[in-house]
Amino acid sequence: MSDTSTRPEPRTYPQPPTSEPVSDELLVVHLKHRATEYFRRPELVSHQVSDGILAITLAAGEGTPVRTRHFPLGEVAEFVVEAASTAYEEAFDAWTRARFGVDAETYRSMNETSVGMTMAEKMRRQIAEGLGVDPSAVHFGGSFTIEDDEDWESSPDEE
């Protein structure tokens with residue numbers, strides 16, 4: 001288990017990233033009678049408040065199973081989620097552009113509205129939304145090319 005009583009050093013990200021960067025979003029738990037504790041991904045899986053308890057789920061580590069830390073809210077002065085840094089956002093945007101050809105905002109939008117769908121289906125829906133057509137009208141099988149720029153200047157109805 002990593003030390004949670006010391007604020008972690010800021011992460012640095014390679015440019016361009018070769019794999020999905022890990023967010024540096026930070027959960028800070030200020031305790032009334034103990035030192036502040038810090039949690040961040042990938043060790044931090046989730047957190048929730050229920051029945052007067054702040055439950056923080058931590059990922060399995062070397063020789064340790066998935067575990068949950070429990071903090072009674074009476075012992076917590078406050079807990080704060082600090083947003084991801086600009087460095088992370090820039091690295092994530094570069095990764096989504098290189099990997100999927102879309103910016104980070106579009107990628108997140110596709111993920112949030114289409115949980116449980118394949119990336120191809122998400123892209124099909126995004127294309128349909130951009131064209132203003134029903135997603136069932138968009139079909140593709142792998143890749144496509146544009147043979148002639150003039151194809152974009154007129155619609156089939158005008159010919």
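Which residue forms a salt bridge with Arg 7? The partner is Glu 82, and the closest N and O atoms are 2.9 Å apart. This is a predicted model, in which local features need pLDDT of at least 70, side-chain atom pairs count only at pLDDT 80 or more, and totals for chains, interfaces and linings use all residues. Residues are numbered from 1 along each chain as its sequence is written, and side-chain values use heavy atoms, with hydrogens and water left out.

**Salt bridges**

- A salt bridge is a side-chain nitrogen of Lys or Arg within 4 Å of a carboxyl oxygen of Asp or Glu, and by this rule the count comes to six.
- Arg 7 is partly exposed at 40% relative accessible area, and Glu 82 is partly exposed at 30%; buried means under 20%, exposed over 50%, and partly exposed in between (1.4 Å probe, protein chains only).
- Another salt bridge joins Arg 67 to Glu 43, with the closest N and O atoms 2.8 Å apart.
- Arg 67 belongs to strand E5 and Glu 43 to the loop between E2 and E3, so this pair ties together parts that are 24 residues apart in sequence.
- Both Arg 67 and Glu 43 are buried.
- Arg 97 and Asp 93 also meet in a salt bridge, at 2.7 Å from N to O.
- Helix H1 (residues 86-100) holds both Arg 97 and Asp 93, four residues apart, about one turn of the helix.
- Arg 97 is partly exposed, with a relative accessible area of 48%, and Asp 93 is partly exposed at 22%.

**Strands**

- Helices (H or I, at least four residues) and strands (E, at least two) are DSSP runs, numbered from the N terminus.
- Strand E4 (residues 53-58) is largely enclosed by the rest of the structure, because five of its six residues are buried.
- E4 pairs with strand E3 (residues 44-50) in the antiparallel sense over six bridges; two strands pair if DSSP finds at least two bridges between them.
- Within E4, Ala 55 is the bridge partner of Gln 48.
- The hairpin of E3 and E4 has two residues between the strands, and there Asp 51 takes a positive phi near 50°.
- E4 and strand E5 (residues 67-72) run antiparallel and are joined by six bridges, with Leu 54 opposite Phe 71 in E5.

**A loop residue**

- Lys 32 is found in the loop between strand E1 (26-31) and strand E2 (37-40) and is partly exposed, with a relative accessible area of 47%.
- Lys 32 and Glu 75 are 43 residues apart in sequence, yet 5.5 Å apart in space, C-alpha to C-alpha.
- Not counting residues up to four places away in sequence, Lys 32 touches Gly 74, Glu 75, Val 76 and Ala 77; contact means heavy atoms within 4.5 Å.

**Aromatic rings**

- The structure holds eight aromatic pairs; rings of Phe, Tyr and Trp (its six-membered ring) pair if their centres lie within 6.5 Å, and planes under 30 degrees apart count as stacked, over 60 as edge-to-face and the rest as tilted.
- One of these pairs, Phe 100 and Tyr 107, is stacked at 5.1 Å centre to centre, with 20° between the planes.
- Both Phe 100 and Tyr 107 are buried.
- Ring pairs link Tyr 13, Tyr 88, Phe 92, Trp 95, Phe 100 and Tyr 107 into a cluster.
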